[in-house]
Amino acid sequence: MGGRRALVIGSQCESLNLLSFLPDAAREVAATLRDPQVGGCLPALGDGRDLIIDPSRDELDSAVTEAMRSASEDQATLFIALVGHGDYANDDFYFLTREATSPPSSRNSFLLAQRIKELLGEYSLVDGLVVLLDTCHAGIAAEQAAASWVKIVGQAGKRFEVLTASDERTAANGCFSRSLVQLLRSGRPEFGERVRCADLKRAISPLCPTQTAVHLAFDGVRQVPAGDRGLWLAANVAEPWARWCGTSAASEIDRLTSRYKPDDSLRQVVSKLLTGTRCVTVIGAENSGKSTLVAALARPAVADEIVPPKLMHAVLFLHPGQPLQHVADDLSAQLERCVEGFGSALREYAQQAEPGADALDRAIIGPLRLLGRGSRSPVRIAIDGLDDLAVPDRDRFTKSLGELTVRATLQWIRLVVVSRRGLPFGEVVQLPDPIWARTAQASGALDVPLPQVVVDRPRPESAPTSQPVPMAPPRRSPAPTRPRQPVRALAGPPPGRPRRGRLRDRFPQVPRLAVKIFAVMVGIAAIGFLLAAFFSVPWWVHLSLVVLATGVSLLLEITGRRKNRYRREVRFDQLENLMQGENLMQASRALTVGDLNRILVSFDSPTLMRQVSPGPDSWEIVRSLLTVAQRRGPLPLTILVTASALRDGVRSVSEVRDILVRLGREMIRRNPGTDRETVRMRSRRGDPADHQEALIALAWAIAEEAPPGAGSSDALEYQYAQACEAGFLFDAGLYEQAMRSVGDRPFTVAAENRARWSSWSDRLERSPDVPPSLALLARHREATWTRQCGEPDEALRLLERAWKRARTLPGFTPSEISAEVLADLTHWRAEQPEVQEVQQGVPDVDLTELSWPDLPLIEPADLDLPFIEPADGESDLPDVNPTGPETTEETDPPAFGAIDL
């Protein structure tokens, strides 16, 4: 599912002059879009074709229809390029086929906008459409698209863009197509990571002075200036982007520097890097531009007078909950691409590393030490988001960075580290406060002025002392402002915004029946007063009318509820009746739209999967999932789609992307339009009302997309599962399942598994709702990994202290302890008799009488979450431990080896 499809049409017209650039120009466009290193598109037609030359009107219509159908079935993005003759009549644009005549008509020419509008309405699961026009009078086509396409696109919620060759002028010798191919094949440094239509519009105009490029973009509701970042045409193959292409940093560099303007802070950082400073610490308040500065160091095109080419060798943008194993692997992969000899040093050090070496030592520090045995040119690394890591991981990473700055053999390493708190090493560059903070302080809105905290930081003995370093001012949030609401459009009111004037929308907590009865009584009372005033009707007649109307309303409400209950109880096996012509009307009356959509999806027929535009409930489901996942870093799009489907929301990639595009600046999308797309809310909000349901849905989606032991450990979904699945389960109150997740998703480095189990053991011991046996089992796993790190004495001490603590807890009995824990404790003591800490406190226990604790796995069928339409006022998920634990700061280290809890 998903992907990119392309169809290119080049057509001469027998009644007009032949175009010299055809068919070569059309072939070049098709080859460029098909190139895996550039456009990365697959053929849009089922027979493997992506190019049609000189078709008839019927052949062209059949090809475009098949391309639309195929893209809708695969939920793919579709690119259609038309090169040849075009003409217009009565403000309608026609693409002239082989047998077209003048004036054109829909009988022998392709009425472009009207036909595309019809096909978009029929095949609504297309994940965005891009139309490229290199024809005469193509500007009229763009104007017509703005007027006549917006209605169907707004109703279906689809995204599309149009890039044309001219603005009511004649296309000259295929200049647009040839310039398009040249720009996509070579790229440009000023373009972003991906080449988009908006970039090409600015670049093509100077190359084709006799033409003017026209660009139109729609987000599914209204016309927008830039369009969807996921509808890119090609990867930017320009040399400055070559070192970042395919890395986790590329998308962030592009997003952060799209509107960047250099300032003096960037000049200071570059100056310190080029003059030999080993570490530059960038500190500043929230939203002061720290991340943007780091991104500008990696993209010289936005500040070519300040930043020299190829300045940085690696750039990391860390996010909350990211394990150090993933950090080390990402940084190591970037250094291997940009630093000569690092790959060989990495493999050499892997053979001689100590068993207890952590991931940072194995993947970064150790190979760099081997690489620095000779003279080296400087290697520059920038790291942003250090404060977002869990506290234990942040402290370990800070210690490793400090080692890079003081070792004499690593003098050629240059670091740029961003931190809000500051670091105990490095020269500081402090960014100015954001505009809102300066304005608030000047106006007296802040209670106290922003202080400059000065601390004395310990310096390594070999390093010279320096003056105290100012730290960043305390974080202050701007005054709350009402978020800007999107413009009301044809597709209906903005998501989450009730229709004004409806009592039910204003007071959703009031039962629906009470609202209806109250409305009927008010209406009848008003009518009664009018009758009494003008016709002298007695009061008892008025009262009788009110009672009669109330009874009728109650009867209709009960009848309606029975009908809805019958609809909810419809089974999927009614699909056979639905597919029979004589029973079609009867079956369709028994099904709601949601039931019909679920039947069609379960039938696995993409042709039948035509769904309506996402409604307010779908918006809120996606928003609540993103809100819950926000503090754990970017959420893979595949997991978001699966979680939304489990909660009976939108279930296709295209519909979820429609919602994300319309949410606009609320979302941060990485790698948009690719199979590695992730999304994260820009700012943290309060927990939604359906917090519990969202947690369980995300945990189930992770288990479905990345089951333990299946697939590659390098897959995006599996890495997210390592980092976040256990946290979601723990927050939902499913402690045993959380620990099983930690055990089923191991790291490759023993020290990282030891650190993770240590963090989880501390968290379990702090939580009052967690059974003592579970905390003891977690500490036993930590001790097991400690032994694998080459520290058996420390492992025995850990387990003995855990045993002593567990025996003091109320409700603890030896029968609750796993036989494996006691067996290992006895075995380790026999191996190390010199360790005498709490041995005398361990009673003699018959290990054969002990049983494993009952830790069942939760299955989706147990909670009936998917495909069940809840009754009014009821949740579609069970109330699993609704109170939940009061969690402390999330450390959330991921994974460990397979265990049997």
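The model is predicted.

**The sheet and its helices**

Three strands form an open sheet in the order 5-6-7, and their pairing is antiparallel. Strand 5 (86-89) and strand 7 (109-111) are the edge strands. Each has a single partner strand, so one side of each has no neighbour in the sheet. From one strand to the next, the twist averages 35°.

Strand 5 and strand 6 (residues 92-96) run antiparallel and are joined by four bridges. Across this pairing, tyrosine 88 stands opposite phenylalanine 93 in strand 6.

Two helices contact this sheet. Helix 2 (residues 57-74) lies across strand 6 and strand 7. Helix 2 runs at about 35° to strand 7. Helix 3 (residues 112-122) also packs on the sheet, where it touches strand 6 and strand 7. The direction of helix 3 makes about 55° with that of strand 7.

**Nonpolar cores**

The largest nonpolar core has 97 residues. Which of them touch the most other members? They are Leu335, Phe397, Leu626, Leu640, Phe728 and Met739. Take leucine 640. Leaving out residues up to four places away in sequence, leucine 640 touches Val622, Leu625, Leu626, Leu635, Val656 and Val679. Another core lies apart from the largest one and has 35 residues, including Ala26, Leu33, Val38 and Leu132.

**Helix 28**

Helix 28 (residues 750-766) has 17 residues. At 1.5 Å a residue, helix 28 should span 24 Å. Its end C-alpha atoms are 25 Å apart, which agrees.

The buried residues in helix 28 are Ala750, Ala751, Glu752, Asn753, Arg756, Trp757, Ser759, Trp760, Ser761, Arg763 and Leu764.

**The disulfide and the cysteines**

How many disulfides does a search of the whole structure find? It finds one. A disulfide is a covalent bond between the sulfur atoms of two cysteines. Here, cysteine 175 is joined to cysteine 208, with an S to S distance of 2.0 Å. The torsion about this S-S bond is about -95°, so the disulfide is left-handed.

Cysteine 175 lies in helix 5 (residues 175-186). Cysteine 208 lies in the loop between helix 6 (197-207) and strand 11 (214-218). The pair therefore ties together parts that are 33 residues apart in sequence.

Are these two cysteines buried or exposed? Both are buried, each being under 20% relative accessible area. The table gives their values, along with those of two further cysteines.

| Residue | Relative accessible area | State |
|---|---|---|
| Cysteine 13 | 0% | buried |
| Cysteine 41 | 4% | buried |
| Cysteine 175 | 17% | buried |
| Cysteine 208 | 1% | buried |

**Leucine 256**

Leucine 256 is found in helix 8 (residues 250-256). Leucine 256 has a relative accessible area of 16%. The cut-off for buried is under 20%, so leucine 256 counts as buried.

Which residues does leucine 256 touch, not counting those up to four places away in sequence? Leucine 256 touches Ser291, Thr292, Ala295 and Phe317. Leucine 256 and glycine 289 are 33 residues apart in sequence. In space, C-alpha to C-alpha, leucine 256 and glycine 289 are 9.3 Å apart.

How values were computed: Residues numbered from 1 in each chain as written. Predicted model: local features only at pLDDT ≥ 70, side-chain atom pairs only at ≥ 80, totals over all residues. Heavy atoms only, no water. Pairing = 2+ DSSP bridges. Axes fitted to C-alpha atoms, helices over the stretch in contact; angles between N-to-C directions. Contact = heavy atoms within 4.5 Å. Core = buried A, V, L, I, M, F, W, Y, C linked by side-chain atoms within 4.5 Å. Buried < 20%, exposed > 50% of the residue type's maximum accessible area, 1.4 Å probe, protein only. Expected span 1.5 Å × (residues − 1). Disulfide = S-S within 2.5 Å.
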